[in-house]
Amino acid sequence: MPNAIRPLIEGELEEASALCLRSKAHWGYDAAFMAACRDELSLRAADLVDGLSVGLRNENALLGVAQVIGQNRSWELEKLFVDPRAMGKGIGSQLFAWAVAAVESRGGETLSIDSDPQAADFYRRMGAEDAGYAPSLSIPGRSLPRLRYRLDRPG
(Lines give C-alpha, C1' and ligand atoms only; values in the text may rest on other atoms or scores of the structure.)
Protein backbone atom coordinates (compact mmCIF):
# COMPACT_ATOMS: atom_id res chain seq x y z
CA MET A 1 0.00 0.00 0.00
CA PRO A 2 1.46 3.40 -0.96
CA ASN A 3 1.84 6.20 1.54
CA ALA A 4 -1.54 7.78 2.23
CA ILE A 5 -2.14 11.22 3.73
CA ARG A 6 -5.51 11.53 5.40
CA PRO A 7 -7.14 13.49 8.23
CA LEU A 8 -6.29 12.23 11.68
CA ILE A 9 -9.10 10.75 13.76
CA GLU A 10 -9.60 10.98 17.50
CA GLY A 11 -8.29 7.46 18.09
CA GLU A 12 -4.93 8.47 16.57
CA LEU A 13 -4.27 11.55 18.70
CA GLU A 14 -2.08 9.77 21.25
CA GLU A 15 -0.05 8.02 18.52
CA ALA A 16 0.35 11.28 16.57
CA SER A 17 1.40 13.23 19.66
CA ALA A 18 3.97 10.55 20.54
CA LEU A 19 5.35 10.76 16.98
CA CYS A 20 5.74 14.56 17.32
CA LEU A 21 7.68 14.10 20.56
CA ARG A 22 9.92 11.35 19.09
CA SER A 23 10.65 13.49 16.07
CA LYS A 24 11.59 16.52 18.19
CA ALA A 25 13.72 14.39 20.54
CA HIS A 26 15.63 13.09 17.51
CA TRP A 27 17.59 16.36 17.52
CA GLY A 28 19.17 15.55 20.89
CA TYR A 29 17.13 17.72 23.23
CA ASP A 30 17.30 16.79 26.91
CA ALA A 31 14.41 15.55 29.07
CA ALA A 32 13.70 18.97 30.60
CA PHE A 33 13.46 20.59 27.15
CA MET A 34 11.16 17.82 25.91
CA ALA A 35 8.93 18.13 28.98
CA ALA A 36 8.60 21.87 28.34
CA CYS A 37 7.55 21.15 24.73
CA ARG A 38 5.07 18.35 25.50
CA ASP A 39 1.94 20.50 25.52
CA GLU A 40 2.84 22.35 22.32
CA LEU A 41 3.63 19.08 20.51
CA SER A 42 0.43 17.29 21.56
CA LEU A 43 -2.62 17.03 19.36
CA ARG A 44 -6.15 17.28 20.78
CA ALA A 45 -9.66 16.63 19.52
CA ALA A 46 -10.06 20.35 18.73
CA ASP A 47 -7.18 19.99 16.25
CA LEU A 48 -9.25 17.63 14.12
CA VAL A 49 -11.66 20.31 12.85
CA ASP A 50 -11.85 20.77 9.07
CA GLY A 51 -9.29 18.02 8.29
CA LEU A 52 -6.36 20.39 8.81
CA SER A 53 -4.41 17.85 10.89
CA VAL A 54 -3.27 14.86 8.88
CA GLY A 55 -1.20 11.75 9.20
CA LEU A 56 0.80 9.95 6.56
CA ARG A 57 0.60 6.18 6.88
CA ASN A 58 2.21 3.23 5.17
CA GLU A 59 0.30 0.07 5.99
CA ASN A 60 -0.38 0.38 9.74
CA ALA A 61 2.50 2.66 10.72
CA LEU A 62 2.09 6.39 11.20
CA LEU A 63 5.14 7.94 9.50
CA GLY A 64 4.40 11.65 9.76
CA VAL A 65 2.01 14.32 10.96
CA ALA A 66 1.19 17.79 9.63
CA GLN A 67 -1.19 20.54 10.74
CA VAL A 68 -2.02 23.94 9.27
CA ILE A 69 -4.04 26.67 10.94
CA GLY A 70 -5.28 30.00 9.69
CA GLN A 71 -7.84 31.73 7.61
CA ASN A 72 -8.15 33.99 4.61
CA ARG A 73 -4.69 34.72 3.17
CA SER A 74 -2.40 34.03 6.15
CA TRP A 75 -1.77 30.50 7.39
CA GLU A 76 0.74 28.78 9.66
CA LEU A 77 2.35 25.39 9.50
CA GLU A 78 1.58 24.45 13.08
CA LYS A 79 3.15 20.98 12.94
CA LEU A 80 5.18 18.90 10.53
CA PHE A 81 6.91 15.94 12.14
CA VAL A 82 8.34 12.74 10.68
CA ASP A 83 9.06 9.59 12.66
CA PRO A 84 12.87 9.39 13.00
CA ARG A 85 12.87 5.91 11.41
CA ALA A 86 11.24 7.39 8.30
CA MET A 87 13.39 10.52 7.94
CA GLY A 88 15.15 10.97 4.61
CA LYS A 89 12.48 9.04 2.69
CA GLY A 90 10.45 11.94 1.32
CA ILE A 91 7.76 11.89 4.02
CA GLY A 92 8.40 15.50 5.04
CA SER A 93 8.25 16.64 1.42
CA GLN A 94 4.92 14.87 0.92
CA LEU A 95 3.49 16.45 4.07
CA PHE A 96 4.75 19.89 3.09
CA ALA A 97 3.13 19.51 -0.35
CA TRP A 98 -0.13 18.57 1.41
CA ALA A 99 0.14 21.71 3.59
CA VAL A 100 0.68 23.96 0.58
CA ALA A 101 -2.25 22.38 -1.27
CA ALA A 102 -4.53 22.63 1.79
CA VAL A 103 -3.74 26.31 2.24
CA GLU A 104 -4.01 27.05 -1.47
CA SER A 105 -7.42 25.34 -1.70
CA ARG A 106 -8.65 27.67 1.05
CA GLY A 107 -7.43 30.82 -0.69
CA GLY A 108 -4.26 31.22 1.34
CA GLU A 109 -1.34 33.22 -0.01
CA THR A 110 1.31 32.73 2.66
CA LEU A 111 2.31 29.88 4.91
CA SER A 112 4.39 30.96 7.92
CA ILE A 113 6.65 28.45 9.63
CA ASP A 114 8.20 28.84 13.08
CA SER A 115 10.82 26.15 12.63
CA ASP A 116 13.05 24.18 14.89
CA PRO A 117 16.57 25.39 14.01
CA GLN A 118 17.43 21.82 12.92
CA ALA A 119 14.57 21.80 10.37
CA ALA A 120 14.95 25.29 8.88
CA ASP A 121 17.11 24.09 5.97
CA PHE A 122 14.41 21.56 5.01
CA TYR A 123 11.86 24.38 4.67
CA ARG A 124 14.33 26.47 2.67
CA ARG A 125 14.75 23.53 0.27
CA MET A 126 10.95 23.45 -0.05
CA GLY A 127 11.04 27.10 -1.20
CA ALA A 128 10.37 28.96 2.06
CA GLU A 129 12.31 32.16 2.68
CA ASP A 130 13.71 33.54 5.92
CA ALA A 131 11.39 36.05 7.59
CA GLY A 132 13.09 36.78 10.92
CA TYR A 133 12.60 35.05 14.24
CA ALA A 134 9.69 34.16 16.50
CA PRO A 135 9.63 33.49 20.23
CA SER A 136 9.29 29.85 21.27
CA LEU A 137 5.90 29.08 22.79
CA SER A 138 7.46 26.46 25.06
CA ILE A 139 10.91 27.74 26.07
CA PRO A 140 11.07 31.30 27.47
CA GLY A 141 13.87 33.34 25.89
CA ARG A 142 14.36 30.95 22.95
CA SER A 143 13.90 32.25 19.41
CA LEU A 144 12.99 30.12 16.43
CA PRO A 145 13.69 30.78 12.76
CA ARG A 146 10.56 32.09 11.08
CA LEU A 147 10.18 31.25 7.43
CA ARG A 148 7.51 32.17 4.94
CA TYR A 149 6.33 30.25 1.91
CA ARG A 150 4.45 32.35 -0.64
CA LEU A 151 1.73 30.52 -2.55
CA ASP A 152 0.98 33.51 -4.77
CA ARG A 153 4.38 33.48 -6.45
CA PRO A 154 4.38 34.37 -10.13
CA GLY A 155 5.29 31.64 -12.47
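A residue is called buried when its relative accessible area is under 20%, exposed when over 50%, and partly exposed in between (1.4 Å probe, protein chains only). Asp116 is buried by this rule, with a relative accessible area of 10%.

The model is predicted, so local features need pLDDT of at least 70 and side-chain atom pairs count only at pLDDT 80 or more, while totals for chains, interfaces and linings use all residues. Residues are numbered from 1 along each chain as its sequence is written, and side-chain values use heavy atoms, with hydrogens and water left out.

Helices (H or I, at least four residues) and strands (E, at least two) are DSSP runs, numbered from the N terminus. Strand 5 covers residues 110-114, and four of its five residues are buried. Two strands count as paired if DSSP finds at least two bridges between them. Strand 4 (residues 74-82) runs parallel to strand 5, and three bridges join the two. Within this pairing, Glu76 has Ser112 of strand 5 as its bridge partner. Strand 7 (residues 143-150) runs antiparallel to strand 5 and is joined to it by five bridges. Thr110 stands opposite Arg150 of strand 7.

Together with helix 3 (residues 91-105), strands 4 and 5 form a right-handed β-α-β unit. Right-handed means that, with the strands pointing away from the viewer, the path from the first strand over the helix to the second runs clockwise.

**Salt bridges**

Side chains of opposite charge can pair when their charged atoms come close. A salt bridge here is a side-chain nitrogen of Lys or Arg within 4 Å of a carboxyl oxygen of Asp or Glu. The whole structure holds 11 salt bridges, and the table lists some of them.

| Pair | N to O distance |
|---|---|
| Arg22 and Asp83 | 2.5 Å |
| Lys24 and Asp116 | 2.8 Å |
| Asp121 and Arg124 | 2.6 Å |

Arg22 and Asp83 meet in a salt bridge. This pair links distant parts of the chain, 61 residues apart: Arg22 is in helix 1 (residues 13-25) and Asp83 in the loop between strand 4 and helix 3. Arg22 is partly exposed at 36% relative accessible area, whereas Asp83 is buried at 2%.

Lys24 and Asp116 form another salt bridge. Lys24 lies in helix 1 and Asp116 in the loop between strand 5 and helix 4 (120-125), so the pair ties together parts that are 92 residues apart in sequence. Lys24 is buried, with a relative accessible area of 11%.

Asp121 and Arg124 both lie in helix 4, three residues apart, or about one turn of the helix. Asp121 is partly exposed at 47% relative accessibility, and Arg124 is partly exposed at 34%.
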